[in-house]
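Student: I have a protein model open and would like to learn how to read it. Could we go through it together?

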Amino acid sequence: QVQLVESGGGLVQAGGSLRLSCAASGRTFSMLTMGWFRQAPGKEREFAAASRRGRYTNNPTYADSVKGRFTISRDNAKNTVYLQMDSLKPDDTAVYYCAAYARLGYSSTRDARNYDYWGQGTQVTVSS
């Protein structure tokens with residue numbers, strides 16, 4: 001059982017920055033693959049960024065829509081994953097969800113179906 005608690009959402013003007021945090025408990029954090037997804041009103045949930053478990057943590061993945069602007073990082077000592085969001089655009093407005101899975105072996109970090117645990121979501125609103 002893994003519990004995920006998110007924070008850091010808010011309202012920001014276009015071009016601004018936010019940093020989202022997600023604290024995990026209930027399982028050894030270093031063994032979790034962590035991801036960030038987002039869902040805008042009326043749209044499907046989409047992948048944003050992921051940090052894989054174990055020795056793959058230095059090889060994050062990003063959706064094309066956020067690459068170069070968002071940075072995922074993790075602090076295993078604090079059991080926390082972060083999403084630094086820079087150069088925010090109105091199209092980034094969405095509820096952002098932290099997610100995790102602990103399965104061993106290869107799986108796509110971009111596929112929400114691979115994730116077993118989800119946070120409550122935090123609203124990010126980017127104004128024009």
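**Reading the model**

Tutor: Let's start with two residues: cysteine 22 and cysteine 98 are both buried. Buried means under 20% relative accessible area, exposed over 50% and partly exposed in between, using a 1.4 Å probe and protein chains only. This is a predicted model, where local features need pLDDT of at least 70, side-chain atom pairs count only at pLDDT 80 or more, and totals for chains, interfaces and linings use all residues. Residues are numbered from 1 along each chain as its sequence is written, and side-chain values use heavy atoms, with hydrogens and water left out.

Student: What joins cysteine 22 to cysteine 98?

Tutor: A disulfide, meaning a pair of cysteine sulfur atoms within 2.5 Å. Here the S to S distance is 2.1 Å, and a search of the whole structure turns up one disulfide. The torsion about its S-S bond is about -80 degrees, so the disulfide is left-handed. Cysteine 22 sits in strand β3 and cysteine 98 in strand β9 (residues 94–101), so the pair ties together parts that are 76 residues apart in sequence.

Student: And in what order do the strands of the open sheet come?

Tutor: Some terms first: strands (E, at least two residues) are DSSP runs, numbered from the N terminus, and two strands pair if DSSP finds at least two bridges between them. Four strands make an open sheet here, in the order β1-β3-β8-β7, with antiparallel pairing. β1 (3–7) and β7 (70–75) are the edge strands, each pairing on one side only. Six bridges join β3 (residues 18–25) to β8 (residues 80–85), and β7 and β8 also pair over six bridges. Methionine 85 in β8 is the bridge partner of leucine 18 and of phenylalanine 70.

Student: Which residues touch the most other members of the largest nonpolar core?

Tutor: In soluble globular proteins, nonpolar side chains tend to be buried together. A nonpolar core is a set of buried Ala, Val, Leu, Ile, Met, Phe, Trp, Tyr and Cys residues joined through side-chain atoms within 4.5 Å. The largest one here has 37 residues, and Leu4, Met34, Trp36, Leu83, Met85 and Tyr96 touch the most other members. β9 gives the most to this core, with six residues.
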